[in-house]
Amino acid sequence: MALIQATNITKNYRVGDLDVPALKGISFAIGEGAFAAFVGPSGSGKSTLLNLLGCLDHPSSGTLTVHGRDVSTLSRNEAARFRGEHLGFVFQDFNLVPVLSAYENIEYPLLMVRGWSPEKRRERVMKMIDAVGMTEQERPDQMSGGQKQRVAVARALVGEPRLVLADEPTANLDHDTAYRILNLMKTMRDDFGTSFIFSTHDPKIMNEAELTFVLEDGRLQTEGGVA
Amino acid sequence: MMSTFNLAARNLMRYRRRTMLTALLITLGVAALLLFVAAAGSFKQTMVGSITDSMLGHFQVHRKGYTASIDNLPLNMSLQPKAVAKIETALKAEPEVAAYSKRVKLGAMFSNFAENTSIRLNGIDPAAEDATVPALRERITEGNKDGPLVERGKVLIPELIAKGMKVKVGDTVVLVVTNSSGSVNGKNFTVGGVLQAVTGPGGRDGYIDIADARDLLRMENEEVMEIAVRLKSIDDLSAVQKRVSVPLDEIRNKEDKPATELHLWSQLSPFANIVAMIDMMTLFIRIMMVAIVLVSVMNVMLMAVYERIREIGTLAAIGTQPGKLMAIFLSEGLLLGLFGAVAGIAISYAVVGGMNVWPMVFNFGREQIVLHPTLAVSEVLGVLGLSIIVSGLASLQPAWRAARMDPIQALRHV
Ligand SMILES: Nc1ncnc2c1ncn2[C@@H]1O[C@H](COP(=O)(O)OP(=O)(O)OP(=O)(O)O)[C@@H](O)[C@H]1O
Ligand SMILES: [Mg+2]
């Protein structure tokens with residue numbers, strides 16, 4: 001059973017009276033434990049597609065199942081619950097909560113989304129801090145971009161989701177740091193079995209992926225299969 | 001729950017200066033309200049106390065229509081002995097009545113053998129009057145403060161007349177009256193004491209024994225113009241009024257209309273209007289405080305939501321339920337209001353404590369009012385509760401906005 005099954009999905013944005021097509025009928029499947037990338041020029045629909053996979057938006061037509069669940073018609077609260085339980089997110093701008101320390105940022109999903117007990121949280125957060133090679137006390141404003149993204153990766157993984165979505169996770173990092181973050185994500189995939197799907201328009205970064213989908217003008221150029 | 005407030009507190013401390021300024025505004029609003037209520041309450045209590053305890057009593061009973069012409073001290077509108085007996089029965093049956101005093105009121109000419117002036121006289125039973133208006137004897141400035149209020153053949157005169165007519169304690173004076181049948185009668189009295197002046201009605205009132213008053217008027221029956229009543233506690237006033245009115249209404253005249261009238265101190269003294277005005281001003285200040293809390297908390301929370309749109313998008317994307325997001329911002333507003341209000345309450349207690357160590361004295365002519373403000377716990381809790389409720393209401397709309405935000409839009413916000 002594939003982790004993601006997309007069948008002929010489209011997405012139109014409504015701009016004024018016009019329907020602007022961003023995705024024009026896309027079908028693909030991604031299996032468990034994937035390390036997959038969507039690449040393509042600016043405006044090709046990478047973010048739009050990742051938002052659909054992340055249950056942040058609904059497709060205009062077609063069917064989309066994530067982790068065995070049809071997510072194309074989830075309500076607002078259902079989608080939030082689904083994201084909290086099964087998905088992790090890494091963002092281009094890191095998006096850590098500025099008033100929380102590294103430890104607390106990683107703890108946040110367990111505390112505010114999952115409602116875990118303090119002992120369970122502590123054990124799990126310490127494990128993640130170790131895994132990404134951070135210290136717990138630091139505040140976001142004292143961290144470098146690479147450190148912030150490490151914390152963000154730990155936050156995405158702390159709840160043991162099946163899938164982590166990362167829209168351009170390395171766009172704001174220098175070349176070396178970008179590679180280090182990608183390698184960290186790959187290691188995490190190896191250690192925890194979590195699938196990673198990211199987008200990029202950097203061809204060198206793209207080569208790190210084990211499965212690549214090329215998007216152009218809302219269509220897939222190479223149809224991917226189950227990896 | 002704890003962690004939501006923890007997060008709220010940290011976000012408030014992130015913009016320390018803004019939070020402090022807003023909290024300070026709330027603090028000032030709360031302190032202004034509490035201090036006004038405390039000072040005005042003390043002023044009210046002192047004034048009401050001095051009026052009811054030294055002159056009026058808590059309520060008075062007259063023959064119907066007497067109060068309307070009380071300025072002329074009419075002699076033909078008195079309560080007849082039968083009515084008086086019924087009123088006394090009603091008052092004795094009411095357990096909250098502490099004491100009452102029957103008064104014969106009359107206008108007289110006061111002469112020091114060289115000059116004349118007019119005087120308003122109250123014929124009283126000294127013991128009953130003392131029990132009904134215990135603070136009257138505190139107004140005696142010259143003469144015996146500890147004995148009976150008046151003795152037979154003596155008169156207590158107001159300071160105004162003592163000064164104007166140049167008479168002292170022990171001097172002999174003449175009181176001349178015209179009675180209800182038109183005949184004139186005069187009698188010598190000794191000045192037994194001088195009463196400190198008070199503002200309002202009663203400043204020209206003198207006191208003689210009720211028996212002397214009836215002699216002067218050549219009154220054949222034991223008529224009474226006024227019955228002043230003191231309760232055990234002024235707080236029971238309206239309840240007692242209701243109960244006592246029932247038997248009083250049964251006292252009827254020849255036309256079968258109620259023959260008596262009952263007036264509360266507040267209906268007899270113009271100071272009741274000042275009390276009403278103070279209450280109205282308190283209401284205005286309360287509205288001001290609510291407005292200050294509402295506007296300042298809402299302003300800060302709207303800013304907070306606007307500044308943190310991307311953070312809201314992030315939290316929503318990683319699975320925070322809309323209700324939780326709402327709670328995060330609501331608790332931030334509540335905490336801000338709570339912090340400001342608690343500081344305001346602390347300042348109020350400090351200032352009230354200071355005002356009791358170094359009391360404020362106000363002079364009204366010769367009268368002195370010393371304020372001893374106190375903060376009623378109920379008032380403090382009320383203001384605290386009000387600030388919290390208003391802060392919550394003020395944060396509701398911003399928090400709702402945060403909860404409803406579309407995560408994608410919010411994440412793209414720059
Ligand atoms: N909210 C929106 N409203 C209208 N049009 C949108 C919206 N979001 C995206 N689009 C349009 O949809 C198309 C795909 O956009 P998308 O952001 O998915 O591209 P992308 O591949 O992520 O580009 P980039 O590399 O610049 O991030 C573009 O033409 C874009 O203008
Ligand atoms: Mg994009």
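I started at the N-terminal end of α6(B), which B:Asp209 caps: one of its side-chain oxygens sits 2.9 Å from the backbone nitrogen of B:Ala211. (A polar contact is a pair of N or O atoms within 3.5 Å; within protein, one must be able to donate a hydrogen and the other to accept it, and residues adjacent in sequence count only if both atoms are side-chain atoms.) Helices here are DSSP runs of H or I with at least four residues, strands are runs of E with at least two, and both are numbered from the N terminus.

A note on ground rules: this is a predicted model, where local features need pLDDT of at least 70 and side-chain atom pairs count only at pLDDT 80 or more, while totals for chains, interfaces and linings use all residues. Residues are numbered from 1 along each chain as its sequence is written, chains are lettered from A and ligands numbered from 1 in the order in which they are written, and side-chain values use heavy atoms, with hydrogens and water left out.

**Entry on α6(B).** I asked how enclosed this helix is. Six of the eight residues of α6 (210–217) of chain B are buried, so the helix is largely enclosed by the rest of the structure. Buried means under 20% relative accessible area, exposed over 50%, and partly exposed in between (1.4 Å probe, protein chains only). The buried ones are B:Ile210, B:Asp212, B:Ala213, B:Arg214, B:Leu216 and B:Leu217. I found them packed against strands of chain B, including β2 (97–111), β3 (116–124) and β8 (205–209); contact means heavy atoms within 4.5 Å. Just after the helix, B:Arg218 takes a positive phi of about 50°.

**Entry on the cores.** Next I looked up the largest nonpolar core, which has 80 residues. Such a core is a set of buried Ala, Val, Leu, Ile, Met, Phe, Trp, Tyr and Cys residues joined through side-chain atoms within 4.5 Å. Its largest share, eight residues, comes from helix α11 (322–357) of chain B. A:Ile4 is among the residues with the most contacts inside this core. Setting aside neighbours within four places in sequence, A:Ile4 is in contact with residues including A:Phe28, A:Leu64 and A:Ile197.

I picked B:Ser395 in helix α12 (377–404) of chain B; at 0% relative accessibility, B:Ser395 counts as buried. Beyond residues up to four places away in sequence, B:Ser395 touches B:Val297, B:Met301, B:Phe329, B:Leu330, B:Gly333 and B:Leu334. I then turned to A:Ala37 in strand β3 (35–39) of chain A, also at 0% relative accessibility. Its C-alpha atom is 5.7 Å from that of A:Ala209, 172 residues apart along the chain.

On a 1 Å grid over the protein atoms alone, a cavity is a set of points where a 1.4 Å probe fits but cannot get out, a pocket is an open set with protein on both sides within 12 Å along at least five of seven lines, and lining residues have an atom within 4 Å of a point. I noted about 940 Å³ for the largest pocket. Of its 45 lining residues, the closest to the centre are A:Asn51, A:Leu56, B:Ile408, B:Leu411 and B:Arg412. A volume is the space filled by probe spheres set on the points, which are joined across faces, edges and corners. The largest cavity has about 120 Å³, with 14 lining residues.
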